[in-house]
Amino acid sequence: MAAPARIPVHPVVADEGFGLDEARVERLVERLKSRYCDRITGELSIAPREARHAPFPPELDPSLRVALARRGLTQLYTPQREAWDRIHDGEDIVVVTPTASGKTLCYNLTVLDAVRCGGAKALYLFPTKALAQDQVAEINELNRAGELGVRAYTFDGDSPGDARKAVRTRGDIVVSNPDMLHQAILPHHTKWAQFFESLRYVVIDEVHSYRGVFGSHVANVIRRLKRVCAFYGVAPRFVLCSATIGNPREHAEALLGCPVHAITESGAPSGGKHLLLWNPPVVNADLGIRASARSQSTRIARMAIKAGFKTIVFAQARLMVEILTKYLKDVFDHDPRKPARIHAYRGGYLPQERRATERALRAGEIDAVVTTSALELGVDIGSLDVCVLNGYPGSVSGTWQRLGRAGRRKRTALGVLVASSDPLDQYIVRHPEFFLGASPECARIAPDQLLILLDHIRCAAFELPFRAGERYGAIDPREFLSFLAEQGVVHEDAGQWHWIADSYPANAVSLRSVADGNFLVIDRTDGRQDVIAEVDYSGAAMTLYEGAIYMVQSKPWQVEKLDWVGRKAFVTRTTVDYYTDAIDYTRLKILERFDRSVVVPEPLEHVVGGASAPTAPRNIEATRVGAEAPPTGTSADSVHSVAAECAHGEVHLVRRVTGYKKIRYYTHENVGYGPITLPDQEMHTSALWWRLPQHVLEAAFATRWQALDGFLGAAYALHTVAVLRAMAEPRDLGKSVGSGDGDWSAVVDAHGRGSMRDANARELLPDTVRQFEPTVFLYDNHPGGTGFSAPLFAERETLVHEAAALIGECACRHGCPSCVGPILQGDEDAHHDARGAALRVLALFGSTRRAALEHDIPYVMRPPIAALAREAAALPERIAAPE
Amino acid sequence: MSEALRARLSALVRDSGRAPGHAADAVAETAGEWSARIDALRDAQRIRESRSRAAERALPGEEIAPGVRVVRSVGAAPHTTVRGSSVGGARAPTAQRSIGARSVGASAPPTVTPEGVAPHSPRCPVWERERAEGPLLFLDTETTGLSGGTGTLVFMLGLARVVGDRLEAEQWLLTRPSGEPAMLAALAERVPGDAILVSYNGKAFDIPLIAARHALHRRRDPFAGKPHFDLLAPTRRAFETRWPDCRLQTAERRLLGIERVDDLPGAFAPAAFTTLLRTGDGALMRRVLDHNRQDLHSLAYLIAALERVYADPHAFDADAAAVARRLIANDRHGEAEHALEAALPSQRDARRELARLRRRQGRHGDAAALWRPLAESGCVRAVESLAKIEEHVYRNLAAAQALAQRLVALEPAEPRHAHRLARLERRAAR
């Protein structure tokens, strides 16, 4: 949204209407700091920034200049002018700007000018329909202001059939989303011939959201778009916009497959900003239990609203939005005769309801809004004073985007990040330097992931025949086309590969997942036949087993029947007081090492000896290991025999879901168990792993049980920090402990103890295994991998250090969900110290000696901790789906 | 391709939950449909093998360019028997006649002969809103799929025109995908500038696909902007409430008395094309040619048959009310009245429709006479219409009041009726 263009709409007078001044935000900060100094673990101040202006380009269309002037705009911010200049030099660009800094004018200026003067057409892509509609509304306002006559239309799944033709033939600017481009526009490009022949600009906004699997798909849709453009003899310029991420240029280049110029300096003015990291107080020192984030967020929001600040509260789950809204309404909206001061805003609300809240926010009519990530993207809501994050959003850049919602041009804003007991959250607040000093995460995509590539080469072959020698992106598609020819999908004739199958491949490819074959969830309550949800293939086994409680908007349905072949789950409404959690055993078998390093752990220096003994305290040496050259030879063997191995490569995964637990709400007691019979899930994917030779383990641990606990705890902590490092969704990155040959796997059982299972999910005793070499795996949780494991391998040392720090600095005694995972009720005489064991394992993986010494806690027997166990049981599963 | 990549791709495709092979490409295909298709393919193969003569494998017609053949034919459609004589609106039962392997009962509805085609062809059918004149060009395509999009190939395009009392058909056939530009070029010369297209569902399916093929090859589409009589719409209007479906073959069977013998179902057309590409065996493709030619012939019969249906829907057990609504919309009131009057004895909807027409024409007495029997059998709308006529036209408040009481009794929950009764009672009290 172009902030300067909004000046007449949101007069700064609104700020002064409340008679607020800068000092009062400072005063709130001071009050919070003096009253709750023990809860504030970190603080950051950002100085205000002055605007930097640039004149309009002289050649700008005069009518457009008039239209902008009528909207109060007589000059540009520097990035807007730089964008114009770069685009006119023929460059593709990516513009990185915070919310409300005039980003849309970076592209609208050029596009509207080209439409007016050159009859050009433009395609805009936004990740959501709501953002697309906002954009069209904004262009139309400008249109009206200057009678520009530019026709901008949305094109999405809601566009009626007769309107679509008008959009295709008359639209100057078509505003759509990647899914529509993929499924409706490109496969029918001949209907769009007129549009493509004049296509000069492609604008892709919010590109930071195109990462991971989704981003990998989008990169391929862009390859297909470029291919179709080439057919119509055009090569449009691309203008990308992104929220702040660590690698905007690299990410844009990965998406577009060509060099991109990045504009990263913001020219818009901004007020100063305070940020506080907040850890709820410990309420039970013995058990290490903290007050809930919810109670803290409510308290902070209450203070802010009472002091007269416009406040936004972000929650992770829809259910939490409702709870926080209720608590705030109980304080501020108890008089039903007055208009509501507190609104909730989240996915699942009707569009008109959401629009009404957006309008009320822009107009300053409400005092606080409680929301989910639904308001994180560029929806225009004006600016607010205080932003409370109830829980860490999962990424540094996501946190800054949400915090960006608070902050007016000339006023200081306050953001408070309240940690929950989630391990990520606890890591963040205990390491303020990590968060405050961290550059935002890098967005990663893997557009050449084999399955994704195959899907899109299929779609591309449908759209236009492949010519001999034609490249697809940087790929030579010949082998893929041969594969498709063998399947009878394409046919080679006279140097071209023609699509001959009776199908529409884009329908079978969803951009939001790797595998197709989504499961439909069908509500059969009272004879209905309504589809209430769609679950992707990889999630079906864990969520749609018979007996499962499946939740939509926190309303529970029970799965009655799962038709695995037909990809359908039949559910009925229910009113149970529990939710269900599947128990699965995941075995991995290492197929191929792409890269490998050996770690000679410090505490075992004396074991090494001989020629291969390192002179440095630690020796981490990466060895490129190709498939044709397996690690042979004396030095590698001998090092391997005494050292930990960290490697990444391809693995075969077998997952068996054996049963599920019923867990009661609020108390989180385990109230039952049910069996699940489903086919094994198998996939090939990429992973990185750490393993230790048996004799090293035997030297370090008294029993194999202890070693197993150590591996499970280490895996938990490594997963936590890896998710943080990789900017991954936790479910996109899996973790597992097992033997590297797929013979057995280990999990934490219902009693909080490590337990080994063989290939048939039968319990196995560690001492009965001939070869005991547990391995910690972190794997890409999608067939074919999604590109996380290679960058994580590159950061393997950091991961081990941070995992050790996470555990070492935890306030608990034996382990808790914030460090090594839930430690449940063990038997009385178990020598069970998961923290110590995990730290020992991490030390063997190469964490520093100092960390090991400082935090290695001797094995002592502790009584079981029932209360902690109950608290912990609640944590692995978030009750409502985050948006 | 490299074995390693092939193995990897196969494994990944399997892991990702897809069905094996290219079944994943299929749009909404169930396992059942697949097994039915495979069975039918086996059947087809058996037939092919039993006749495994080279001639059967070869394609008819001449090759006009590499990868393009044209098959020309004149006269009756193959493998069909047409039953019945000219019907001329009479409800003459046809003699039982053996058709192919099947026998048709004497109670079958009347059918239309192809002789009707020629004299009717230059005239614009009564159901068309736009008037157009010119030679009729019957059109039907066979494609590699039904889903549309640029990947759907038109591998066969049949055109037919009436010459004298005969139907001349030309069918272009691609034997290789690379022949498409030559096919489109040859085709363009055979579409007269003033031609009127006649198809079955061609507006939604064939014409957009043909347009896409021309766009892909940067050629002008000779069919673009031509007047187009799509026979699906008038067929659906007349028979939607009468037939289980309105597919062309249903219309053939029920209206034209055509039973196809040894016809290859349209769903096998894609397989015929891929078989030809892979093996050069044209046996299945010959049958697709036959199928396509039959479609063209059926179009020619069907347009004549529909003319008669629209002249006297009752005689063909068509929905007279629906037909009449269309005729009225096209300002053909005379034809509409005629159609409705013929259907009066047996179609309640026709009676209702005619009553409405009479009321619009101001012939209230005629309208009331039509509504009365309906009202007696408890039709609410008829009672209501009569009440309106009694109240507003004849000003017979007592009769109107009695009818209003009946309305309230029939539909006690409807406030409209209660209002009417209350108003009439007020007026009566004054």
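Helices (H or I, at least four residues) and strands (E, at least two) are DSSP runs, numbered from the N terminus. This is a predicted model, in which local features need pLDDT of at least 70, side-chain atom pairs count only at pLDDT 80 or more, and totals for chains, interfaces and linings use all residues. Residues are numbered from 1 along each chain as its sequence is written, while chains are lettered from A and ligands numbered from 1 in the order in which they are written.

**Confidence**
- The mean pLDDT (the predictor's confidence in each residue, from 0 to 100) of chain B is 80, and 78% of its residues reach 70 or more.

**Helix α14(B)**
- Its buried residues (20 or more other C-beta atoms, placed from the backbone, within 10 Å of their own) are A367(B), A368(B), L370(B) and W371(B).
- After α14(B) comes G378(B), with a positive phi near 95°.

**The sheet**
- An open sheet of mixed pairing is formed by seven strands of chain B in the order β1-β2-β7-β6-β5-β8-β9, where strands pair if DSSP finds at least two bridges between them.
- The edge strands, β1 (62–65) and β9 (228–230) of chain B, each pair on one side only.
- Strands β5 (residues 136–143) and β6 (residues 154–163) of chain B pair in the antiparallel sense over six bridges, and the bridge partner of E142(B) in β6(B) is M156(B).

Definitions and conventions: A residue is buried if 20 or more other C-beta atoms lie within 10 Å of its own, exposed if 12 or fewer, and partly exposed in between; C-beta atoms are placed from the backbone.
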